[in-house]
Amino acid sequence: MAWTWRFEKTDGTETAPAVEPEEFTTQGDAESWIGEVWQDLLDGGVDQVRLFEDGTEIYAAPMSLHAEAG
């Protein structure tokens, strides 16, 4: 199994990440990595991400890298 991230702008168009991802063997590894580098990705122009397992999207919607308005 391969877990991969797709990096997007707010409108859903794919964009290149500022930090080059690897291919992950577990969902936990993929999620840990995004937790470590999300700020660098956001600073580099990525607004949201989608996680895939062997081409199948895991979450129902993209995950925003922007802080939630409180």
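Visitor: Which residue in β3 is the bridge partner of Glu-53?
Guide: Thr-56 is that partner. This is a predicted model.

Visitor: What makes β2 and β3 a pair of strands?
Guide: Two strands pair if there are at least two bridges between them. β2 and β3 (residues 56-57) are joined by two bridges, so they pair. They run antiparallel.

Visitor: What sits between β2 and β3 in their hairpin?
Guide: Two residues lie between the strands. In this hairpin Asp-54 takes a positive phi near 50 degrees.

Visitor: How do you know that β1 pairs with β2?
Guide: Count the bridges. Pairing needs at least two. Six join β1 (residues 3-8) to β2, so the two strands pair. Their sense is antiparallel. One example is Trp-5, whose bridge partner in β2 is Leu-51.

Visitor: What about β2 and β4?
Guide: Two bridges link β2 to β4 (residues 63-64), so they pair as well, in the antiparallel sense. Gln-48 has Ser-64 as its bridge partner in β4.

Visitor: Why is β2 called mostly covered?
Guide: Buried means under 20% relative accessible area. Five of the six residues in β2 (residues 48-53) are buried, so the strand is mostly covered.

Visitor: Which residues have the most contacts inside the largest nonpolar core?
Guide: They are Trp-5, Phe-7, Trp-33, Ile-34, Leu-41 and Val-49, in a core of 14 residues. β1, α1 (27-43) and β2 each give two or more residues to this core. The largest share, six residues, comes from α1.

Visitor: What does Trp-5 touch, leaving aside its neighbours within four places in sequence?
Guide: Its contacts include Phe-24, Trp-33, Ile-34, Val-49, Tyr-59 and Met-63.

Technical notes. Residues are numbered from 1 along each chain as its sequence is written. This is a predicted model: local features need pLDDT of at least 70, side-chain atom pairs count only at pLDDT 80 or more; totals for chains, interfaces and linings use all residues. Side-chain values use heavy atoms; hydrogens and water are left out. Buried means under 20% relative accessible area, exposed over 50%, partly exposed in between (1.4 Å probe, protein chains only). Helices (H or I, at least four residues) and strands (E, at least two) are DSSP runs, numbered from the N terminus. A nonpolar core is a set of buried Ala, Val, Leu, Ile, Met, Phe, Trp, Tyr and Cys residues joined through side-chain atoms within 4.5 Å. Contact means heavy atoms within 4.5 Å.
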